[in-house]
Amino acid sequence: MDTARLQPFDMALVAAYLVSVVALGLWLTRGVRTGRDYFLAGRTLPWWAVGMSLVVSDIGAKDMVGLAADGYRYGLVMMNFDFIGCAFPVLAAAFLFMPFLWIAGVYTVPEYLGRRYNSVVRTFFALIWALFMMGTVGTILVSSAVMFEALLGWSFWWSVGITAVIVGVFTTTGGLKAVVLTDALSCVVLIVGASLICILGLQRTGGWEGLQSTIGRMDWTAHHFHLVLPADHPAFPWPAVLLGLGFVLGPAYWIGNQAIVQRTLGAGSQNQARASYVFCAVLKLVFPVLLVLPGLIGLALFYDKLGDPSQWEEGVANRVLPMLVVNLLPTGVLGIVVGAFMAGVVANLDSYINSASTLVVTDLYQPLVPRRSDKHYLRVGQSLVVVFLLAGVAFARIIQPVFGSVFEAFQTFMTFFQGPLLALLLLGMLTRRATSHGALAGMLLGVGTAVALNGARFALGREYSVSYLWVAWWSFAAAMAGTVVVSLFTRPYDVERLRGLVWWIPPREESSS
Amino acid sequence: MKTTALLLAAAGAASGNGSPLLGKAAFVGVFALLLLWLLFMPSALIDLEGARMPWWRNVRFWAIVVTIAQIGVYCYWG
């Protein structure tokens with residue numbers, strides 16, 4: 001196993017980053033007095049910080065390691081996750097969907113669904129997201145521990161402990177403002193670190209031309225320099241990428257994910273929220289290059305050591321990026337890159353914990369325990385951050401031995417709900433005809449379709465397994481169809497009830513002005 | 001649903017000869033439609049304060065830049 005040895009100068013750089021993040025986070029805890037301060041940063045966040053936070057909430061350390069491995073295995077096609085799967089839905093969200101949530105003055109996406117449809121839909125999606133987020137905290141901790149072990153030879157508990165303490169210190173007291181502004185710092189460190197890997201790697205491969213010619217000589221890399229692969233490609237056929245990723249998973253993530261939406265709701269104004277989304281799209285032009293290119297560089301430089309990915313045993317994929325880091329980076333640069341990894345972990349983790357706390361307080365706790373003081377909900381939110389961190393650490397320990405299958409199970413679990421969630425959001429925001437009965441029917445039909453498609457391989461055999469991109473698309477289509485059909489047979493809502501919740505029916509103040 | 005059927009039929013046709021040319025056109029087409037929408041979207045939907053922004057502070061301008069860049073990326077590397 002290749003592990004890097006940090007020199008004193010590297011350690012000083014890593015320590016400087018960690019101290020800066022904690023100090024900034026603690027400084028920003030001043031002025032948190034109400035639930036609105038804590039959950040939505042008092043709606044004072046600047047667009048540039050929200051934009052950077054959006055990027056690093058999406059890209060964690062596990063993505064850095066995972067995308068390098070997939071870049072090695074599949075090539076440029078992995079960039080689609082940040083191009084068609086991000087730029088397109090982010091811009092659509094900025095100009096079409098975000099204004100609704102902003103004007104509605106909600107804290108969470110399920111809260112919007114509750115107002116638009118009913119409390120059953122709200123509670124259902126709140127529970128699903130809360131479960132997913134709590135599980136995600138555990139998987140982030142395990143994946144960062146795996147990475148630090150591969151990279152630095154750190155033990156599991158040392159990695160988990162240091163990550164949980166750093167994140168817990170400022171997230172518990174500082175809320176969204178501390179999370180977003182420390183994310184902005186982490187984003188800068190991440191960009192610098194990832195850029196250094198790419199620049200030094202390209203120098204070693206003889207530039208872009210050298211990289212292309214080295215990889216082009218291999219007999220299994222015919223599609224490595226194409227974003228759009230043939231429709232019969234086993235992993236990423238273009239129709240599934242376009243429909244499943246571009247039209248369902250991407251929009252569901254950027255429009256319906258609480259960890260994403262909450263940041264834009266904390267912006268200083270609606271224009272600032274829109275600007276933050278657009279800034280995120282600008283940054284996302286660069287990030288796929290920074291994350292996928294190391295995989296191609298690893299393929300060109302270390303194919304003799306890492307070999308053909310079709311023959312990889314478990315764990316080999318995690319070695320692509322550490323191998324580059326250990327073999328390419330000189331003292332000083334190594335410290336910056338390790339700092340970048342930590343930035344990815346911290347930013348990813350604090351985002352999910354903060355959003356999970358907001359979601360549970362707003363959509364599950366408040367409806368059960370109403371009419372308490374704002375201070376009470378603030379304290380519950382802060383306590384939940386600690387609970388989620390401790391639960392995440394415990395969960396990380398439990399799933400560590402079977403991490404690969406648990407991570408996959410979580411991803412599969414989410415594909416059951418992403419399509420139906422997007423269908424309900426789109427129909428709710430864009431049509432006044434969608435009703436709560438329609439929503440419940442669409443939700444059941446969409447989730448049922450996802451379960452059936454995912455279960456096909458268990459019931460009928462492996463040759464009937466369906467790509468998760470197709471599962472997302474067909475569950476979305478089924479949920480749309482179910483909601484539309486049942487809504488047409490049920491009584492529509494009164495226009496006044498939908499004011500400010502549907503695109504064509506603005507709130508009263510705006511309609512009169 | 002009709003659009004879906006057309007897209008899936010197109011996908012099937014493309015898989016027949018293994019060429020992703022149609023796919024490339026589809027990806028570029030999505031961003032081209034987004035570009036048209038950004039260009040012709042009423043200003044009232046964006047400039048809520050009604051103030052004229054310099055180009056470097058105009059979110060519509062930057063959204064158009066991103067969309068054109070994506071069209072270029074898919075044309076070149078598609």
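## Helices H8 and H16 of chain A

In this predicted model, helix H8 (residues 156–205) and helix H16 (residues 374–399), both of chain A, have axes that come within 9 Å and cross at roughly 170°. An angle over 145 degrees counts as roughly antiparallel, so H8(A) and H16(A) are roughly antiparallel to each other.

On the H8(A) side, the residues in contact are A:Phe156, A:Trp157, A:Val160, A:Ala164, A:Gly168, A:Thr171, A:Thr172 and A:Thr173. They meet A:Gln382, A:Val385, A:Val386, A:Leu389, A:Val393, A:Ala396 and A:Arg397 in H16(A). Sorted by class, the contact of H8(A) with H16(A) has nine nonpolar, five polar and one charged residues.

## Helices H3 and H12 of chain A

Helix H3 (residues 47–58) of chain A also packs against a helix of chain A: the axes of H3(A) and H12(A) come within 7 Å and cross at roughly 45°. That angle makes H3(A) oblique to H12(A). The crossing is right-handed.

H3(A) contributes A:Trp47, A:Trp48, A:Val50, A:Gly51, A:Met52, A:Leu54 and A:Val55 to this contact. Their partners in H12(A) are A:Gln272, A:Ala275, A:Ser276, A:Tyr277, A:Phe279, A:Cys280 and A:Leu283. The residues of the contact of H3(A) with H12(A) divide into 11 nonpolar, three polar and no charged.

## A salt bridge in chain A

Side chains of opposite charge can pair when their charged atoms come close. Over all chains, the structure holds six salt bridges. One of them joins A:Lys284 to A:Asp82, with the closest N and O atoms 2.6 Å apart.

A:Lys284 lies in the loop between helix H12 (270–283) and helix H13 (287–306) of chain A, while A:Asp82 lies in the loop between helix H4 (61–74) and H5 of chain A. The pair therefore ties together parts that are 202 residues apart in sequence.

## Helices that meet across the two chains

A helix pair is also found between the chains. Helix H5 (residues 83–104) of chain A and helix H2 (residues 21–40) of chain B pack at an angle of about 20°, with axes 11 Å apart. Angles under 35 degrees count as roughly parallel, so H5(A) and H2(B) are described as roughly parallel to each other. Their crossing is left-handed.

From H5(A), the residues A:Phe83, A:Ile84, A:Ala87, A:Phe88, A:Leu91, A:Ala92, A:Phe95 and A:Leu96 take part. Facing them in H2(B) are B:Phe27, B:Val30, B:Phe31, B:Leu34, B:Trp37 and B:Leu38. By class, the contact of H5(A) with H2(B) has 14 nonpolar, no polar and no charged residues.

## The whole contact between chains A and B

The contact between the chains takes 37 residues from chain A and 35 residues from chain B. About 3200 Å² is buried between chain B and chain A, and carbon and sulfur atoms give 80% of that area. B:Phe27, B:Val66 and B:Trp77 supply 19% of the area that chain B buries against chain A, more than any other three residues.

How many salt bridges are there between chain B and chain A? The count is zero.

Note on methods
Residues numbered from 1 in each chain as written. Chains lettered and ligands numbered in written order. Predicted model: local features only at pLDDT ≥ 70, side-chain atom pairs only at ≥ 80, totals over all residues. Heavy atoms only, no water. Axes fitted to C-alpha atoms, helices over the stretch in contact; angles between N-to-C directions. Helix = DSSP H or I, 4+ residues; strand = E, 2+ residues; numbered from the N terminus. Parallel < 35°, antiparallel > 145°, perpendicular 65-115°, else oblique. Left-handed = near helix turned anticlockwise from the far one by under 90°. Contact = heavy atoms within 4.5 Å. Nonpolar A, V, L, I, M, F, W, Y, C, P; charged D, E, K, R; others polar. Buried area = accessible area lost by both parts, 1.4 Å probe. Salt bridge = Lys/Arg side-chain N within 4 Å of Asp/Glu carboxyl O.
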